[in-house]
Amino acid sequence: PPRQTYFFAESPNRIYYGNSQYNNYPVVYVDWNMAKAYCEWRGARLPTEAEWEKAARGTSGNTYPWGQGLDCQRANFQGCVNQTSEVGVYKNGVSPYGAYDMTGNVWEWVADWYADNYYSISPGNNPSGPISGQSRVLRGGSWPRFDVTTYHRNNFAPTYNTFDIGFRCARAADS
């Protein structure tokens, strides 16, 4: 279970996790270690940052999963819903690979350690990320943010968790 069951720290009586009304919403208040453990329990893994970005941008390098232009009919970002939204409701916001919610809704943990300059020194094809670091990468932006482009990155310590951070799992390599 996540670190908190409520939606915001300011509203502890508004139960989010374990409330059937939110069964198809992203789980939030999970740190990187929890996300990794859950994916492994499911026989999957966290995607690498490169995998996440390709799934979001496609091979043409889209600014948003669908291409250009941001609006509340394609993604949940600052001012649209003002909380998380149900997974998969933005049918017009699907990525070239058929992935939903790659922009907005919640930040998503990925497998990689964070290095500010990694992409200036990384291999050009399927970089695997730095081998160590102090923080882990998050991708996708979230509902209270306006910068939700497919290339925007964030980072926090692996033990950090809050109301707008979640994750998605990728299939294990042999699946």
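Biologist: How many bridges join β2 to β3, and do they run parallel or antiparallel?
Modeller: Three bridges, and the two strands run antiparallel. That is β2 at residues 107–113 and β3 at residues 136–139. Keep in mind that this is a predicted model.

Biologist: Which residues stand opposite Arg-139 and Arg-136 in β3?
Modeller: Glu-108 stands opposite Arg-139. Trp-113 stands opposite Arg-136.

Biologist: How many bridges join β3 to β4?
Modeller: Four, and that pair is antiparallel too. One of the partners to look at is Asn-155 in β4, bridged to Val-137.

Biologist: What's the strand order in the sheet?
Modeller: β4-β3-β2-β5. The sheet is open, has four strands and shows mixed pairing. β4 (153–156) and β5 (165–167) are the edge strands, each pairing on one side only. From one strand to the next, the twist averages 45°.

Biologist: Back to β3. Are its faces covered or open?
Modeller: Both are covered. Arg-136 and Leu-138 are buried on one side, and Val-137 and Arg-139 are buried on the other. In a regular strand, side chains alternate between the two faces of the sheet.

Biologist: Which helix lies across β2, β3 and β5?
Modeller: Helix α1, residues 32–41. Its direction is at about 85° to β2.

Biologist: New topic: Glu-49. Where is it found?
Modeller: In helix α2, which covers residues 49–57.

Biologist: Why does Glu-49 count as buried?
Modeller: Because its relative accessibility is 1%, and the cut-off for buried is under 20%.

Biologist: What does its side chain make a polar contact with?
Modeller: The side chain of Arg-153, at 2.6 Å.

Biologist: Which residues is Glu-49 in contact with, leaving aside neighbours within four places in sequence?
Modeller: Val-110, Asp-112, Tyr-119, Val-137, Arg-139 and Arg-153. Val-137 and Arg-139 are the β3 residues buried on one face of that strand.

Biologist: Last one, cavities. How many of 30 Å³ or more does the structure hold?
Modeller: One. The largest cavity has about 30 Å³ of space.

Biologist: What lines the largest cavity?
Modeller: Pro-65, Trp-66, Arg-74, Ala-75, Tyr-90, Gly-93, Asp-101, Met-102 and Thr-103.

Biologist: And how does one find empty space like that?
Modeller: Rolling a probe the size of a water molecule over the atoms shows where empty space is left.

Key: Residues numbered from 1 in each chain as written. Predicted model: local features only at pLDDT ≥ 70, side-chain atom pairs only at ≥ 80, totals over all residues. Heavy atoms only, no water. Pairing = 2+ DSSP bridges. Axes fitted to C-alpha atoms, helices over the stretch in contact; angles between N-to-C directions. Contact = heavy atoms within 4.5 Å. Buried < 20%, exposed > 50% of the residue type's maximum accessible area, 1.4 Å probe, protein only. Polar contact = N/O pair within 3.5 Å; in protein donor to acceptor, adjacent residues only side chain to side chain. 1 Å grid on protein atoms, 1.4 Å probe; cavity = no way out; pocket = protein on both sides within 12 Å on 5 of 7 lines; lining within 4 Å. Points joined across faces, edges and corners; volume = space filled by probe spheres on them.
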